[in-house]
Amino acid sequence: MPTGRRDDRHNRRRRRPAKRPALSPPHITVTDTDAEDDWAEPSRQEVAIDVEDAYQARQSPIDELGEESWADNEAEEPSWRDSPGDERRIGERSRGEEREDERSRGEELSRTALTEEEEMLLQTAVPYGARSNTPNEWGFGHSRAASRAESADEEIPEELDGKLRSRSRSRYKDVAPRVDSRRNSGNVSHANSLQDLSQRQEVHKRDSFATTRHVSLDLSPRPRSEERGSRRRRSRSRSRSMSRLAMKKEDTGYETDYDQIGSRFAEVGEKWRAKRIMVFKNGDPWFQGWEMRFVPSRDTMDNIYSRISARFGSLGVHGSDLSSGIRYIFTTDGTRVKNIDDLVEGSSYVASPTSKFQKAPYGMKRSQPETGDMSPRKPRRHRVKPLSPVVKRVFGKTSPGSGPGSGSGSGSGSGKHGGRRSGDGCKIKIINNLDKSIQSYVLVNLKTTQRFEDVLQDLGQVIKMKDARKMYTTWGQEVKSFSQLRNDFYETDTFYLSNSEETTVRGSKVTREESRNSPPNDKKSGKILRRHNSEPLIQAKDKKSNLTRKRSESVNRYQSNSGTKGSGGGGGASDQVKVSLLGKVRTFYKASKDQPVQYLPPEKRLKLAWVYGYRGVDAHHNLWVLPSGELLYYVAAVAVLLNRHTDSQRHYTEHSEDIMCMDLHPSRHIVASGQRAGPGARSASVRVWGVERLDTLHVFGSRELQMGVAAVCFSVMNQGAYLLAIDDGDEHLLTVWTWHNEQILGKVATHQDHVYGAKFHPMDNNLIITFGKNHLTFWNKRRDGIFDSVDVFGMSSARTVLCVEFEPGGDLITGDSDGFITIWTIDNDGQYYKRVDFEAHMSAVTSLLMLSEVTLMSGGERDRRICAWDSSQGYVKRAETKLPDAAGGIRTLCPQRSGASDGNVYAGTTKNMILEGSIMRRFNTVVFGHSKNLWGLSACHDSDCFVTAGYDRLVVKWSDQHKVIWKAPLNSEAVSCAVHPLDTVVAVGGIDGHLTVFKLSDGSQVGSFRVCGQPLSCLSYSPGGDMLAVGAQTGSVYPYKVGRDGQVYVKFGPMQGSQPLTHLDWSTDGEYLQSVTIDHELVFWNKRTLAREKSQHQLRDKNWATYTCTVGYPVIGAWPELHYDRQQSVWTDSYADSRKARVLVSACRSRDHDLLAVGDSEGSVQLFRYPCPLNVQETAQCHSVKPQSSYVANIKFLRSGRQLVSVGGTDATVLQWRLQ
């Protein structure tokens, strides 16, 4: 390079101002010899851009050759015009002229400042290298320095400026420089540019048309000062225009391979580069997703959670837990993302407020009716904004053939106005059913908060119809909701409005029932449209045969399923069923979409897995230790054998009613247990069974025992051959059998007052002692079967004897209700008298146990004391201990090892607990249970744990290992409880109207507040956990807004009702509630209006997050003893007295929606298939067990779906079942 050029460049660099000057673009002139061909199929023309070296760091657009190479153009020797008509070669310019031009250019550029758009254009233009056959890489026939110097004077001609002003857009379609998305592209090598350009030209040669272009560069001297201003303004405007044009152009020009570009800022820039992901809502396949952008080095996962929560709230995504917010992000296959670096650019993710991932086809678009056109649909570019007001009248030209009754576009939506819908609004045509000439196009907002009935009223005003109540399609099908209008009738645009129960479409009257059963027909499209998107289309050529088949199927379905349910069986409506429950007729509606119904029993059966608690409230002497070390006791109708070493239970479940008494054979391998009488004609009985195989040996006493078995006992002397039982009737009949052959030895009426027990004397099989209220009687059986009795109390002031025991010598020891222990003996004349009588306890003595020949242990009920007495010293107290208040009083005492006298005993208490210990050490809990009425039960959502709450003022959380995790006291009796969906808290409803909230982790109390003055009989959290519905005995529902994962509760208004409520369920979208009253009425509530829904038919297709209501179409088939009255077309029960009726008390649907568990008022637990509707021809079958006599107050499936928990009412029973 010459020295003068280097010095001049150095001077020009020193004169450069702080802000970079603007470079004038080169003058490019392009002429086409075939303009028409270029307009029809524009060839791929590219623009070469000269790049200044590193010190200048700018680019300016230059021209590039088209189809012809530079070698072809060299023969023509392109001319350079200094002025019109004057041409000379570039080599003829002198050095002085070049320096003069560079000096003037530097002065001009120093006065010119770069605009923002010019700076962007200069920094982002991609350099090009023209292909040439000459050694020079630029192909201009001169050096790079000269090319750089000459390019400074180049300007874009007026033709290009006109092109930017839309005068000749097609001619210069590909002139604009390629703009890359990455701005810092100054390090691109020219070699890469030439190589890539050569490849593109090779492809261009094969595909382009034969077009000849002549390119010339005009490097004329700069104009005078008067022209410089205008030219500078034009240059600046052209730079802006070219920048806009370059940003709009796509798929033209040169694309740089940035993967091969090395930069020391690559790693740093990657951290600050924004990422883009698509976020979907967990469990919502219809949500189209939200495109989210974030910067990994700036944002955190908490920021992403907050942004997604706010965005979902603004979009109104159904089921979004806005109070607790988004807490988890998963991939579409369910893998949780915990680190922000794991979020991959362009991938899709699922956001959830809970840790449970729901598999779904995320991003699935709503189904649309099929049409004959198989061409792909164009994607929607934007969503229609919500309309205001709800209905807008559209004024425009109507399409031909869209007159009244023509039904254009109503079928397939192929008309002019068909299918113009989005997720927010739709344009439809409405016709007055009374006057077909009145019609109008309206724009309806499908996301309005108003009711569908109110919108119909507004539509009626548009077409001058008063009290418009119904909307029908042109084929007579009724439209009942916005969802149906948006989904099922997506491409239908013509509807009729009516103010009566029938409408006239296409010249015929269609009633409501006919509109539900008749399929739509469209003659233009040659198809019979679907009433729902799930139904297949019927082609026109097979229309007749298919219609015949469909009619036959509908008739069969009508006769077997739909028509026989409820009033349909008598020829009434096929989508409803009428049931008379306790004298009141209830109507339940069938869902519009048929669900598969199977009336066979489910494949899984119920197997008792664990029994919680112990019966000590109203039972005496009911705890034994078997030779195997197992504890034997009974709860409800189940005999429990607990092995503490293996932590397992065995159960004898052959009893159909509650066990009232039990005794162990002297061999300690056989058990006799007596049960109470059941409702109806079921009498009491005694069962003899073995403890090893749990098999029943004998059953007897059904004739002699009427009300129940008050006491049962084996004899001692003759190896337990005799067995006695006392009826719980008025006369308390005593009967003695030889149990191995079930032969009666004798029977006698004992006493009219309550009998607490009876014993064989250990030394005389014919001597029996009975004791109870105000009596203690010795019965001596003679050989003829007659009993001689001796009442030791006589006419004196009698006491109530609660327990008896025998000394080693045969004397009788009794404990009474006054706290006295008395030793009875017999003299030589056969008279019984008191040998010792002393006060042992401050209250009733409920248990006596002779450990050895000298030690007697006694237990008191109210004082909770266990005392040891020395019989050899006149029953002197040796030691005593006291149980804690939470354990309750002593009910029975049993040695831990048979025949041992070490003082270690088991103690059954009045609070349904079993403790082990001795007088010398403290007692520990072995078995824990509720002691009073039990109603509250709720399952956890993340584990198989559950929570119970009862009248004993305790809330207990149980683990999946059958252990107590924690228990917390309450200020009042509990009647209901509910666990938050996030397993953070549990809410407990009290009988005094107070709601108490506990932490689910440790049982600490969060707070308590008053809801109303009546018991809170049912509680239910919404699926998202942001709402809590409280149902009370007042008949009202009290909704609360929940915040901070159940820590904050805000009441926002009651939903007024009249009948006490028993059950509550939320819909999956959290907008509606269903409840059951004490009169078995199904009531629906609207959360937004805070009022009761009058039309149950509108909610028949609602999906419910849980189903605990005992009435409803999917569960009504589980009701017992219903029969169909064909004359009145009503299902009815046969109970005249509601107090004796057998009704459903509790119900629960499984998490997989395939099983239904119910509990009735007689203690039965039944397992059905879900759904379980009524059917005249076939009755739903089930697996049934009867573990108790009391009602099943509540029943719940656990999270795994393999466990089921039921709780009793008055007996406080908690039973866990296994599905197998």
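## Aromatic pairs

Ring pairs join F280, Y328, F330, F357 and Y362 into a cluster; rings of Phe, Tyr and Trp (its six-membered ring) pair if their centres lie within 6.5 Å, and planes under 30 degrees apart count as stacked, over 60 as edge-to-face and the rest as tilted. The model is predicted, so local features need pLDDT of at least 70 and side-chain atom pairs pLDDT 80 or more, whereas totals for chains, interfaces and linings use all residues. Residues are numbered from 1 along each chain as its sequence is written, and side-chain values use heavy atoms, without hydrogens and water.

The count comes to 24 aromatic pairs. Y614 and Y633 are edge-to-face, because their ring centres are 5.9 Å apart and their planes stand at 70 degrees. Y614 is buried, at a relative accessible area of 2% (buried means under 20%, exposed over 50%, partly exposed in between; 1.4 Å probe, protein chains only). Y633 is also buried, at 0%. Y652 and W689 form a stacked pair, with 4.3 Å between centres and 5 degrees between planes.

## Charges over rings

R799 lies over the face of F820, 4.7 Å from the ring centre, and K1041 over that of F1052, at 5.5 Å. The criterion is NZ of Lys or CZ of Arg within 6 Å of the ring centre and within 35 degrees of the ring normal.

## The surroundings of D663

A polar atom of the D663 side chain lies 2.9 Å from the backbone nitrogen of F714. Beyond neighbours within four places in sequence, D663 is in contact (heavy atoms within 4.5 Å) with residues including H621, W624 and V712.

Definitions and conventions
A polar contact is a pair of N or O atoms within 3.5 Å; within protein, one must be able to donate a hydrogen and the other to accept it, and residues adjacent in sequence count only if both atoms are side-chain atoms.
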